Amino acid sequence: MKKKVMYYEDEKNTRPVEEFINSLDFKTKTKVFSRITLLEKKCQELRRPYVDFLQDGLYELRVVFFGNQVRVIYAYMFKDYIILLHAFHKRTDEVSLQNILKARERMTDFQNRIIQGMIKLPKI
C-alpha cells in the first residue's frame, strides 16, 4: 500500500529535513531523494539496509554514499502518511538520543497541530 511522504513543517513554515537535504552535495542529495521515493512506493516492504526501526514508532531511512552516512528519522502517521521528522549526518554507531528526542518533539508538535486543525493533510 502506497503512503504519502510529507516533510515536517514547523510553525514558521520551515522544513528542517528538506533544508538539510538541500544543503548536501548534488550526488548525495540525489541518492537521498531517490531513497525517499523508494520509501514512499515500498514503505512497509523495505528492510535493512534501507530502513531500520529505532523506537516508539520512529524509523530511520538509511543512506550511505561513499562513506557519507545520512539518516532521516520518520514516522508513519494518520494511517496513510510518512512524516520526515529529522535528518542528520551519522558519525557514530548508534543514533544519538539527542537525534531521537528531536524527532519525537517534532512528531508530537505535528500531531498536536493536526488535531488542532492547524495543518491539513493532503488527499491521497
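**Fold and salt bridges of a predicted model**

The protein has 3 helices and 5 strands. This is a predicted model. Read from the N terminus, the order of elements is β-α-α-β-β-β-β-α. The radius of gyration is 14 Å, close to the 14 Å that the globule rule gives for 124 residues, so the protein is as compact as a globular protein of that length.

**Overall shape and packing**
- Along the principal axes, the C-alpha atoms fill a box of roughly 45 × 30 × 30 Å.
- Buried residues make up 44% of the 124 in the protein.
- Of the contacts with a separation of 6 or more, 51% are between residues 24 or more positions apart.

**Charges**
- There are 24 positive and 16 negative side chains, and the centres of these two sets lie 5 Å apart.
- The salt bridges number 8.

**Salt bridges of Glu60**
- Glu60 pairs with Arg62, with 3.4 Å between the closest N and O atoms.
- Glu60 counts as buried at 4% relative accessibility, and Arg62 does at 13%.
- Glu60 also forms a salt bridge with Arg71, at 3.0 Å from N to O.
- Arg71 is in strand β4 (residues 68-77) and Glu60 in strand β3 (residues 58-65), so this pair ties together parts 11 residues apart in sequence.
- Both Arg71 and Glu60 are buried.

- Arg113 and Asp109 form a salt bridge, their closest N and O atoms being 3.1 Å apart.
- The two residues are 4 apart in helix α3 (residues 97-115), about one helical turn.
- Arg113 is buried at 6% relative accessibility, and Asp109 is buried at 19%.

Technical notes: Residues are numbered from 1 along each chain as its sequence is written. This is a predicted model: local features need pLDDT of at least 70, side-chain atom pairs count only at pLDDT 80 or more; totals for chains, interfaces and linings use all residues. Side-chain values use heavy atoms; hydrogens and water are left out. The radius of gyration is taken over C-alpha atoms; the globule rule is 2.2 Å times the number of residues to the power 0.38. Buried means under 20% relative accessible area, exposed over 50%, partly exposed in between (1.4 Å probe, protein chains only). Contact means heavy atoms within 4.5 Å. Lys and Arg count as positive and Asp and Glu as negative; His and the chain ends are not counted. The place of a charge is taken as NZ of Lys, CZ of Arg, CG of Asp or CD of Glu. A salt bridge is a side-chain nitrogen of Lys or Arg within 4 Å of a carboxyl oxygen of Asp or Glu.
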